[in-house]
Amino acid sequence: MAKGSRNVLWIMCDQMRHDYLGCAGHPHIKTPALDALARDGVRFDSAFAQSTICGASRMSAYTGRYVRNHGASGNEVPLRVGETTLGDHLASIGAEAVLVGKTHVRADEPGLARLGVAGTSDIGIRLREAGFFPFERHDGLHPDGDYDPDPTYNDYLRAKGFDADNPWEAYANGAIDENGAFVSGWFMENAHRPARVPKEHSETAWITDRAIDFIAERASGDRPWCLHLSYIKPHWPYLAPDPYHAMYDASQVTAANRSEEERANPHPLYAAFMQERYSAAFCRDEVRDRVVPAYMGLISEVDDNLARLFAFLRERELWDDTLIVFTADHGDYLGDHWLGEKYLFHDPSVRIPMIVRDPRPAAAATRGSVSSDLVEMIDLVPTFLDFIAGDAVSQERHHQLDGRSLLPLLEGRRPDGWRSHVFSEYDYAYDGARLRVGTPVDDSSATMLFDGRWKYIHVPDHPPMLFDLQNDPLERRDLGRDGGHEDILAGMHKQMFDWCRKQSNRTTVAREAIATAAEAIAAYDAVIDANILIGYWDRGDLAEEQAKRADFVARQPSRTHGAQGQTT
């Protein structure tokens, strides 16, 4: 990359909570590299994922659009061919979106076949990879069987002498017990043991090495890039290499945020998720005491690897030209609210870490600050476009993007009309919870609306959930079925309905083009531009409209008008 060119390093962890950072106030976890990044940038303390499951959240991140608009609502649902992605936007301005790590994208193979696009062609590869050039795709789960049977990482491990039928399972997800026997990281009872793979060859280290390889290859080029460095960790299996497996212990596990009141009369959907195996497991203190230290160790491992990546950027004199974003696709309950995994919309699940370090002098005034502005994952695509090519480029694509650029906030300017609500969606059609509540597949979705105080969750065929985070910041009391909040519920329902009915799928024509056409329509019968005459009695009628048209054009010297009054 030529010095002075702008590029983006977009780091994403999988299943990392917003509050497991030193700079976010965690009392024990060590994240010095990310803490330093926050001191040199802005930490957005009210950032939210657009879904609480990997695939849907990431497709929103990669398209800049809400789940209801891009349609890939779950890990099993492909991103349809034709959905405009970050890679498409960047390609149009001469930049490139590059992947190192996980995307969880599922290709729309029927769509590719329908269009006759070969999956091995350049365009086919990008369509299959959500717009990214896959420098190194690694989704990070490679159990024995057909799930993802032989990743490149296995070849790497074999080349380093870690030979096995499945080196990932044998070394990255395997440990040795006190009797010398092999034990699996799939079983949480082993989370306190070190993975067999040494830290320098772990998934996190290898993916970081591959990111460094990419930057080294492109450092002397002229094409701007956005490198999506996407770690699988701290997502399960919860097994860390030495020394990270023993960096923390049970005494440093913060108490679970949960109360007996929550279990007394829970919302039906909430109750259904409480019954899942993973939730029942995390209700046990022995599980939390064994797993949470490993989870923390995996985060510190990511942080240590980011330290060496950041050092490499400085060494290559790219630090001052690179926008760096750190975030996660969603969080992890870890036993809070009697739940494991993610899926519902309490803060441990839907709220995400987001640190943005903007190297521009214009962002100097906000360095080291914490922003409470409501921001969403979908804001990143317009932010990247704005950074690389300027505000005009991101603005001209607003009809294709639901998010907004964060650069004004990084400059200390809060744009007029900044959002007052954030939204998140979860399609639980594939979950056992759906069977427990008896909801039809097409009605098995939950949608969250949060305005900074009230968190409203719409669940079809069931009462809503409602939390007042001003008076109940721990989200332990669901007010959705209590009396006395009818006005709040009605107002939030209307806000959600207004959002749902907003025109968001007209992505091929910008509203400005329609507005320009409307100006002509208001001045004269614009269909005459195409010599189409509807409702005219004689040439006198037509002459009247032609005179109006001539007058309109005379008042618009900077543009000409074509058929239907659209600017040409």
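## The sheet

In what order do the strands of the open sheet of 4 strands come, and is the pairing parallel or antiparallel? The order is β13-β14-β15-β16, and the pairing is antiparallel. At the edges are β13 (422–427) and β16 (465–468), each of which pairs on one side only. From one strand to the next, the twist averages 15°. The model is predicted.

Within this sheet, β14 (residues 445–450) pairs with β15 (residues 454–458) over 4 bridges, in the antiparallel sense. L449 has Y456 of β15 as its bridge partner.

## The helix across the sheet

Helix α19 (residues 486–501) lies across β13, β14, β15 and β16. The helix runs at about 65° to β15.

## The largest cavity

The whole structure holds 4 cavities of 30 Å³ or more. In the largest cavity there is about 70 Å³ of space. Its lining consists of A172, A195, V197, S202, E203, T204, K233, L239, P241, L298 and E301.

Two helices, α9 (203–218) and α13 (285–315), each contribute at least two residues to this lining. By class, the lining of the largest cavity comprises 6 nonpolar, 2 polar and 3 charged residues.

## The second largest cavity

About 50 Å³ of space lies in the second largest cavity. H18, L21, A24, R43, F44 and D45 line this cavity, together with R351, I352, P353 and M354. Sorted by class, the lining of the second largest cavity has 6 nonpolar residues, 1 polar residue and 3 charged residues.

How values were computed: Residues numbered from 1 in each chain as written. Predicted model: local features only at pLDDT ≥ 70, side-chain atom pairs only at ≥ 80, totals over all residues. Heavy atoms only, no water. 1 Å grid on protein atoms, 1.4 Å probe; cavity = no way out; pocket = protein on both sides within 12 Å on 5 of 7 lines; lining within 4 Å. Points joined across faces, edges and corners; volume = space filled by probe spheres on them. Nonpolar A, V, L, I, M, F, W, Y, C, P; charged D, E, K, R; others polar. Pairing = 2+ DSSP bridges. Axes fitted to C-alpha atoms, helices over the stretch in contact; angles between N-to-C directions. Contact = heavy atoms within 4.5 Å.
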